[in-house]
Amino acid sequence: MRIAAGVLGAAALLLPVLSPDPSFLNIGVFTLMYVGLATAWNISGGYTGYVSLGHAGFFGLGAYTLGLMLGHLRVPGGYAPFLVVPVVGLVTAALALPVGWIALRTRAATFVIVTIAFMFMLQILATNLRPVTGGSQGLGFPVPQGWSPAFVDVPFYYAMLALALLALAISWALRRSQIGLGLLAIRDDEDRALAHGVPTWALKIGAFAVSAGLVGMIGGVYGYYVTYVYPQFVIDPLIGISMVLMAFLGGAGTIAGPVLGALLLEPAQLELAYFAGSARLYLVLYAAVFLAVMLLLPRGIIPSLAARIESWQAAARRA
Amino acid sequence: MRLTILRGAAVLTLGLIAATGCANGGGSAGPGRPILVGVSLSLDGDFSGDGKALQQGYQLWADDVNARGGLLGSKIRFKFVNDASSTQQVVTNYQNLITRDRVDLTFGPFSSLLTIPASEIAARYGYAFPEPAGGGPHVFDRGLKNVFFVQPAPVVNNLVSYTKWLLALPADQRPKTAAYATQDDPFTQPQVDRAKALLAAAGVQTVYSQVYPAETTDFTPLALSVAHSRADVVVLGCQLQDAIAFVQTFQQQRYSPRSLIETTGPDQGSQFSDKIGLANTEGIMVPAGWWPSVKTSANDQFVRAFLARYGGDAASISADAAEAFSVGQVVEQAVGKTQSLDNAKLIQALHSQTFQTIQGPMAFDSTGQPNGASFLVQWQHGQTVPVYPPGVAVVKAEYPKPNWQ
Amino acid sequence: MSGLVVGAAMLGVLTGGVYALMASGLTLIFGVMRIINVGHGALVVLGAYLSFALLRGLHIDPFLGLAVTMPAMFAIGLVLELLFIRPLRTDREALSVLVTYALALGIEGVLGYLFSSDFQQLRVWYQTASFAVGGFGVAYVYVFGFLLSIAVLAALGALLYATTFGASIRATMLNRSAAQLIGIDVERVSAITFGIGMATAAVGGVVFGITNAFNPGSHYDLISRLLTIIVLGGLGSLKGAIVAAVLMLVIEDVTAVVVSPTWAAFTFFALLVLILITRPQGLYGLRAREGT
């Protein structure tokens, strides 16, 4: 486990050196973005079982927070904007608290819909609060000056990597702690967990805010990377659904599952659209692959394979 | 056991690295080698209708040039990729087109929303970025020197011809009241705001003015409000879908304004007329840089080639296709002048000359905005004809607009 | 202004009836099968395209064409349920969201392939023909759609409350495993419910396709509206879906004319959140708290 993680981590760290091709790094940036997003989502959605389809709202909130701070504080393009990103995380997490306070009163399907409703409300606010956000005209970010075309992607790549590693570290630390046990207990049976003295309310709100804060920081870096954001393109339901899909594909509630899901899905999606996108059956192909995985490995790749391998091993022992 | 899986993932990732790393194709053009032009189009998602029309226009231009022996002796080949109307994908696509496929030229995608991030990537690599459809004001205030908006007029001025025509009507016919509704969109809103200011300044009273979200799908309550205002003139900042919905609700409400102009929709040929019925198009206006019968450089060939290849009738050709074709024409002339595919030289040439296109002559200011004016086009007897300014008008504008059939 | 408000409210009630029908299929499917069918919007769009094909190819009126499209959609529903929903065993609620989302993408892709992404609309005489009520033109299509929706909803109610099969549907909704114990073939009930949901989508598709220009991507907006309606009404409650649908459309349409269309959706979402804070089970939800 550790060796594998080490190999993967080293590969990720060295990628810009091994393959400095910008088109490749660009895919790396978006892939790491989703590794971070799926892992961050998993901290709340995977561990507690509260499936939020509205995390794109926090993604956009983060992007707008960073964009507005850079604009008002007149931070020039370059390395400086990355230093503001942690503040974005705190702001997003703080704003996620009241959202969570309301949304987490509902459960299961109702919770899913409430998170979607919050996402659309944020999107509408971003559009309607024109004096603050620029409305539908969008919000621009400073553009780094003096970075060569071959180098531009590198800082963004490492920023996304750092955020993904941060999310993973938090996910890992939680999973091994008392808190993690509490979160999983909520997923298994919230009422019983409460009866056993687990502070379910504090735990699920805390996990929700941490998850939202991480997603917000990633959204900030994304906005800076793509240089311009619009309400409907950055608070995009598809971004919210993608991170959930990746977590489920790899195995929601596991540490490595969301990472695996993102590593498989995001490059595949970007490449598929690039190579096969002009073929009319691109969507059908995507849906077919996705359906096949969900039906054959319904619990996600890692748990399903683990269960299968365990049963083989058990069979082998019996033989 | 977990370890095995993770190792598998690592191998898979590295495999992917190897696979994509080797996928470099293209290479710059030389004698005999085709000139590769990269474009990202929205073939899925919000802008898929326009994406298709742009593709048709670009392809027709390439066919036309290739039939004439190519550009600098080389054939033109397009590489079209799909961005599914998403920022992330449009960034990835231009990045890939430039660094992986090493395209010689890049042309623009659909909409201001996708043009801004895409033009930043092109600027980073020093590529000229002529584009047919990104006209929102913010496209030009980013300080980029490589963007060229290939339409006759800056978007803000799109409705200026309309206001001039309206205000030039004899005093006893002049409208007294006007209603405005526009999508909250970087393309439509600036032009409607401009028109409203001009008309209001000339004494046309604003009786209704509303902005609605670009995501709106149910336009009925809005159209109801406009109909209720009983304004003489209705100015709508809309796309095809709402252009249709407003007309239908006006019919339901038996409200026929004396003049109706829609920023987009009536210029989409049969896509528009099929939905509201050909008879009901009579008198509807649209600002345009191009219409099927316009007498401009090579427009006849364009229309003939379009019909030969895609069928239908002249009225069914979308202006999107003509705008894309014009991008090709502009670049062809710039390349002809500089005798090279060097993007730096092209950018310089594009800034300094006037080009002949099927949308008429065109020149760009330092920010890449065109300096011409748009024309006013009206549906008359089942086709769109220019009615203003007098220099290009072929018939008199019909006013007031006849009642719905 | 007040006349305009009445007009908008009237429109809201009429379109609300049609949304009620579309949402009724969705809420029934949830009640019986405990799945959230995110593909329901795509199925409505599919229904619109089926009617469009009949109208363009054979000149069959969309409303009369329902005699063909409803059974066809019912059959498609049985197949989809068998292939994609039945295999889901564990964690149905969460997994169903993803599987039916994939189904929606697949349907969107196939429709895009067959019909291109151009906007289409069902053109019939009653689309723009209208009669005046208190100074407002009411298009016949809204009235036809509303009446048909009421008729189908009434038939659905009769099926649920006056037949033996309806009793097994209600039993399954109340308690799936208990229903199984008393000998109800829960899987058959599920399949037929899914088919019925599809048939209502066919009707919704006709009215949607006449009143809106649609393309294969139109389902995203539809499904987010339908989901909020059934949650507001209370998951699984037919009555709730009807009340919530009318409420939602009236609020949206009235806000659009009184305040501004830019705040119409916000108002509705805010109301939804407010109601759910005080009543997490929705307006007519049965259980005080949904199990996870």
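The contact between chain A and chain C takes 36 residues from chain A and 39 from chain C, where two residues are in contact if their C-beta atoms, placed from the backbone, lie within 7 Å. Helix 5 (108-128), helix 11 (237-250) and helix 13 of chain A each put at least two residues into this side of chain A. Here helices (H or I, at least four residues) and strands (E, at least two) are DSSP runs, numbered from the N terminus. Helix 5 of chain A has the largest share of the side touching chain C, with 13 residues. Sorted by kind, the side of chain A that touches chain C has 26 nonpolar, five polar and five charged residues. In this sorting, Ala, Val, Leu, Ile, Met, Phe, Trp, Tyr, Cys and Pro count as nonpolar, Asp, Glu, Lys and Arg as charged, and the others, Gly among them, as polar.

A word on the model itself. This is a predicted model, in which local features need pLDDT of at least 70, side-chain atom pairs count only at pLDDT 80 or more, and totals for chains, interfaces and linings use all residues. Residues are numbered from 1 along each chain as its sequence is written, while chains are lettered from A and ligands numbered from 1 in the order in which they are written. The model scores ipTM 0.81 and pTM 0.86. For chain C, the average pLDDT (the predictor's confidence in each residue, from 0 to 100) is 87, and 97% of the residues score at least 70. Residues 288-292 of chain C have a pLDDT below 50, and this stretch has 11 contacts in the model beyond near neighbours in sequence.

Chain A also touches chain B. That contact takes 46 residues from chain A and 45 residues from chain B. On the chain A side, helix 1 (2-18), helix 2 (22-48), helix 10 (231-234), helix 12 (256-276), helix 13 (282-296) and helix 14 (301-318) each supply at least two residues. Helix 12 of chain A gives the most to this side, with eight residues.

What does chain A look like as a whole? Its secondary structure comes to 14 helices and two strands. The radius of gyration of chain A, taken over C-alpha atoms, is 20 Å, close to the 20 Å that the globule rule (2.2 Å times the number of residues to the power 0.38) gives for 319 residues, so chain A is as compact as a globular protein of that length. Along the principal axes, the C-alpha atoms of chain A fill a box of roughly 65 × 45 × 40 Å. Of the 319 residues of chain A, 60% count as buried. A residue is buried if 20 or more other C-beta atoms lie within 10 Å of its own, exposed if 12 or fewer, and partly exposed in between, with C-beta atoms placed from the backbone. Among contacts in chain A between residues at least 6 apart in sequence, 80% join residues at least 24 apart.

Chain B is built from 12 helices and 14 strands. Its radius of gyration is 23 Å, close to the 22 Å from the globule rule for 405 residues, so chain B is as compact as a globular protein of that length. The box filled by the C-alpha atoms of chain B, taken along the principal axes, is roughly 75 × 60 × 40 Å. In chain B, 61% of the 405 residues count as buried. Helix 3 of chain B is mostly covered, with 13 of its 13 residues buried. At 1.5 Å times one less than its number of residues, helix 3 (residues 87-99) of chain B should span 18 Å, and its end C-alpha atoms are 18 Å apart, which agrees.

Most residues other than glycine have a negative phi, and most peptide bonds are trans. L72(B), however, has a positive phi near 50°; this residue is in the loop between helix 2 (48-67) and strand 2 (76-82) of chain B. L72(B) counts as partly exposed because it has 14 C-beta neighbours inside 10 Å. R230(B) is not a glycine but has a positive phi of about 55°, and is found in the loop between helix 7 (220-229) and strand 8 (233-237) of chain B. With 12 C-beta neighbours inside 10 Å, R230(B) counts as exposed. A cis peptide bond joins Y388(B) and P389(B), with omega about 0°, and P389(B) is in the segment after strand 14 (383-388) of chain B. The bond from Y399(B) to P400(B) is cis as well, with omega near -5°.
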